[in-house]
Amino acid sequence: MSNITDYIRNNFPIKGGEFAKFFLISYAMFITVYVYSVMRLTKDTIVISQLGAESISALKLYGVTPSAVIFMLLYVKLANVFTRHQLYHILNFFFISFAVLFAFVLYPRADLLHFDTTALQQSMPLFKYPLIMLSNWSYSLFYIFSELWGSAMLALTFWQFANQSHSIDEAKRLYPVMGLLAQGGMFLSSKTVKVFSAHTFTTDWSVSLCYICSAIFIAGVTMSIAIYIVAVFIIGVDRVNGAATNKKKKEKMGFVQSLKYVMSSKYIGLITILLLCYGSSINLVEGVWKKEAGILYPVAQNLASFMSEVQQWTAWGTIASMLCGAFILKLVTWRTAALLTPVMILATGVPFFLFIIMTLEGVDGWSLFGLSLLGMAVLLGAVQNVLSKAIKYSFFDPTKEMAFIPLDEELKSKGKAAAEVIGGRFGKGSGALITQAMLSTVAGSTLITLAPSLFGIFFVIMLAWLYAVFALYKEFKLKTQDQNV
C-alpha cells in the first residue's frame with residue numbers, strides 16, 4: 001500500500017499548494033472554451049438560417065481576417081495604456097457585453113436596423129456576398145466577434161495569463177490536465193444550446209438567444225472573478241503583468257520574410273504544406289456540410305439543437321482521442337501517426353461528397369438505415385467534422401511539433417514561425433478564398449451546385465497532403481537515424 005501511495009504522490013501532476021491556483025485557472029480555461037463553443041454554435045445557427053451557408057466563407061474572408069488584423073493593432077495600442085491584468089478584464093467585458101446587446105437589442109430589431117441591397121447585388125454579382133454581410137451587419141458582427149473570442153480570450157489573453165502564472169515545470173505537469181478538463185466546456189456548451197433551443201423550452205428562437213447570451217455573460221463574469229482571485233490573492237498582480245527584462249525581443253517575421261524562409265527550406269516547406277492542406281480541406285467539407293444541415297433543419301432552433309449534438313460528440317471524441325493518442329504514438333512510427341489525419345479526412349470526405357453529388361443527380365427513393373440521401377450526407381458530414389477535430393489534437397498537432405525537434409535552433413524558431421504564418425493562417429483562409437472565388441464567378445451557384453468542383457479540389461489537396469507526409473518522413477528519418485521513428 002505504501003508503494004502505491006508513494007507512486008501516486010510522485011506521479012500525480014498537482015503538487016501540494018497548487019490546488020487553488022490549478023482549480024481557478026482550469027476553471028477560467030473551462031469557461032473560455034465553454035463561451036467560445038456556445039458562440040460558435042450560435043453564430044453558425046444565425047448565419048446559416050438567416051443568410052445562408054454561402055455567407056460563412058465570405059464572413060471568414062472579408063470579415064474575420066481583416067478584423068483580426070485590426071484587433072491586433074488595437075491590442076498593441078491598448079497594451080501601452082493598460083496592464084495585462086486590466087486588459088484581460090476589459091476585453092472579456094467587451095465581448096460578453098456585446099453578446100447581451102445583440103440578443104436583447106440588435107437581433108429583435110434586425111428588420112429595422114438592416115438595409116436592403118438586393119438591387120446592388122443584382123447589378124454587382126461579384127460583390128453579392130460582401131453586400132449581404134454589410135446589409136445584415138448585426139449578424140455579421142456577432143459572427144466576427146464570436147470568432148475573435150477564440151483568438152483574443154483563449155489564444156492570446158488566457159495563455160498569456162497562464163504562462164505568467166506557471167513555471168516551466170508546472171506547465172509540463174499541469175497544462176495537459178487543464179487541456180483535458182477544458183473539453184468539458186465544449187460538452188457543457190452543447191447541453192446549454194440544446195436545452196435553450198428545445199421547443200419544449202420555447203418556440204421563439206429570439207427568446208432562446210436571450211437565454212444563451214445571458215449564459216455567456218454570467219459565465220464570462222465568473223471567469224473574470226476566477227482570474228482576479230488568482231492574480232490578486234495567489235500569485236500577485238506584478239507577476240501577471242510581467243516584470244521588465246533586459247532581454248532583446250525577438251523580431252517577428254512578416255509575410256514576405258516568412259515566404260522566403262519557407263522557400264529556402266524543403267523541410268519547412270513540407271511542414272507548411274501539411275498545415276495548408278489541413279486548413280483548406282476542412283473548410284471545403286465544412287462549408288458544404290453546413291449548407292446541407294441548413295436545408296435539413298430550416299428552423300433555427302432545430303439547427304441549433306443538431307449542431308449542439310455534433311459539438312457534444314466532438315467533445316467526447318476529443319477526450320477519447322487525447323487519452324488514446326499518447327499511447328498510440330508510442331506504438332507506431334511518425335509516418336503512420338502523421339498519415340492518420342489525412343487518411344481519416346479522406347475516408348469520410350469522399351463518401352460525403354459522393355452523397356452530395358447523388359442528390360444533385362436527382363436519385364429518388366434512396367434510403368439507408370431510414371435516412372434519405374440528404375440525411376446521409378448530413379450525417380457523414382457530422383462524422384467527418386467530429387473525427388477531424390478530435391484527431392487533430394491527438395495526432396496532427398503532435399506529429400507536426402515532433403517534426404521540428406531534429407532541426408537546428410535557427411530552424412526551430414524562425415522556421416516554425418514561417419510555417420505557422422504561411423501554413424496556419426493562410427490554410428484556414430484558403431478554403432474560404434476558393435469557395436468565395438467560385439461563388440462569385442459562377443452565376444447562380446450555391447455550395448451544393450459547386451460540390452462536384454469542390455470535391456475535385458478537395459481530392460487534389462488530399463493527394464498533396466499524402467505526398468507531403470511521405471516526403472517529410474524521408475527527411476525526418478535522415479535527421480533522426482539513431483532513433484526509432
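How many cavities of 30 Å³ or more does the structure hold? It holds three, a cavity being a set of points on a 1 Å grid over the protein atoms alone where a 1.4 Å probe fits but cannot get out. This is a predicted model, in which local features need pLDDT of at least 70, side-chain atom pairs count only at pLDDT 80 or more, and totals for chains, interfaces and linings use all residues. Residues are numbered from 1 along each chain as its sequence is written, and side-chain values use heavy atoms, without hydrogens and water.

Helix H13 (266–296) is one of the elements that supply at least two lining residues; helices are DSSP runs of H or I, at least four residues, numbered from the N terminus. H13 gives the most, with six residues.

Next, select Tyr75, Arg84, His85, Tyr88, Thr157, Gln160, Phe161 and Val240, which line the second largest cavity. Its volume is about 70 Å³.

Now move to Tyr228 in helix H10 (residues 205–235). Tyr228 has a relative accessible area of 41%, so it is partly exposed (between buried, under 20%, and exposed, over 50%, with a 1.4 Å probe and protein chains only).

Finish at Leu134 in helix H7 (residues 128–135). Leu134 counts as exposed because its relative accessibility is 55%. His114 is 20 residues from Leu134 in sequence and 8.5 Å away in space, C-alpha to C-alpha.

Terms used: 1 Å grid on protein atoms, 1.4 Å probe; cavity = no way out; pocket = protein on both sides within 12 Å on 5 of 7 lines; lining within 4 Å. Points joined across faces, edges and corners; volume = space filled by probe spheres on them.
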